[in-house]
Amino acid sequence: MSSTVSVFKPDVFAGKVAFVTGGGSGICYGIVKQLMAHGCNAAIFGRRQKNIEDAAAALSKDTGKKCIGISGDVRKLDTLQEAIKRTVAEFGRIDFVVAGAAGNFLSPLAGLSANAFKTVLEIDTLGTYHTFKATIDELCKTKGSILAISATLHYTATPLQAHVSAAKAGVDALIKVIGVEYGPRGVRANIIAPGPIAGTEGMDRLMPKELVAEHTRAIPLQTYGSIDDIAQAATFLFSPGAKYITATTLVVDGGSWHTSQSVGGSGVYPDAFLPGGEKAFSKL
Ligand code: HXC
């Protein structure tokens, strides 16, 4: 992960504990690393035992804080409940929860079986609910905060992503209600909606290489984001600076969802919108 200079004090999260599903790789690995770099300990949760244990060891080594890796499946509430017991036994508390485990593949509706649709909803939406259910009592004790990693693809009708769009729309709705219902108990709940982020397995697998240049042109900031961009946003949302922010979404996408489908409906950012392109309008 390329890391930018942090605007946060290095010990802003000293004494805190994070629990992160999907923390063994990709965006959520970047988030937990950034949280630990600011002083907290962590537990990461994922399906592949060796992977999650190796990731935890690397996080501990790189940050000098303690991370434990726990294997389980967000589709199974009991595995999350066991993980929370272990995390509390190890660290005594949980302050920050990231619901980041997700499943994705491209498929037209015509090729999507009922089980395929159900599988993604179970990982993303039910998994986020399970994560909430397993951690909320601990978060009420610490007046902690929960963050879901959603997406922007369901803001417009994204082809080949009906299953993921339905799942992420459910995640967004769930988190907002958690924010509203648990606000009076001091718990905040928010969403980060990443746009196109380079260096993730999901993006490498799902975005055909030959479309990257054209896709990048559809982004107002003209570049893919980095894992660090998402980690910085997460650090802010868990920080005391965000203490009045709940039940909302922080979109971190270079402005791309505004243009990816809507500019001429083509997914391409026209030359006329780039610097110097205004000349095209002067003829009007
Ligand atoms: C159609 C598919 C399919 C595909 C799986 N299925 N892949 N259908 N096209 N490409 C169907 C299977 O045939 C099966 O249905 C059902 O989905 C369940 O598949 P399993 O392989 O049995 O499930 P499982 O082993 O639990 O795997 C879950 C998974 C898998 C989501 C399908 O891809 C996975 O675990 N991926 C790793 C996590 C991941 O994707 N991370 C990336 C997140 S990136 P049938 O009917 O045959 O039983 C992200 C943002 C990316 O979220 C944004 C980019 C634009």
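Helices are taken here as DSSP runs of at least four residues, numbered from the N terminus, and in the predicted model it is helix H4 that gives the most to the shell around the ligand, with five residues. The shell comprises 17 residues, of which Gly103, Phe105, Ser113, Ala116 and Gly202 come nearest to the ligand. Two or more residues are given to this shell by helix H4, which runs over residues 114-142, and by helix H6, which runs over residues 201-206. In composition, the shell divides into nine nonpolar and eight polar residues, with no charged residue.

The chain as a whole has ten helices and seven strands. Its radius of gyration is 19 Å, close to the 19 Å that the globule rule gives for 284 residues, and the chain is therefore as compact as a globular protein of that length. The C-alpha trace spans about 70 × 45 × 40 Å along its principal axes, and 45% of the 284 residues are buried. Of the contacts between residues at least 6 apart in sequence, 73% join residues at least 24 apart.

As to confidence, the mean pLDDT of the chain is 92, with 90% of its residues reaching 70 or more. Confidence is highest in strand E4 (residues 96-99), at a mean of 99, and lowest in helix H10 (residues 279-282), at a mean of 63. Over residues 262-266 the pLDDT stays under 50, and for these residues the model has five contacts beyond four places in sequence. For the complex, the predictor gives an ipTM of 0.94 and a pTM of 0.93.

Conventions:
Residues numbered from 1 in each chain as written. Predicted model: local features only at pLDDT ≥ 70, side-chain atom pairs only at ≥ 80, totals over all residues. Rg over C-alpha atoms; globule rule 2.2 N^0.38 Å. Buried ≥ 20, exposed ≤ 12 C-beta atoms within 10 Å, placed from the backbone. Contact = placed C-beta atoms within 7 Å. Near = placed C-beta within 6 Å. Nonpolar A, V, L, I, M, F, W, Y, C, P; charged D, E, K, R; others polar. pLDDT = per-residue confidence, 0-100.
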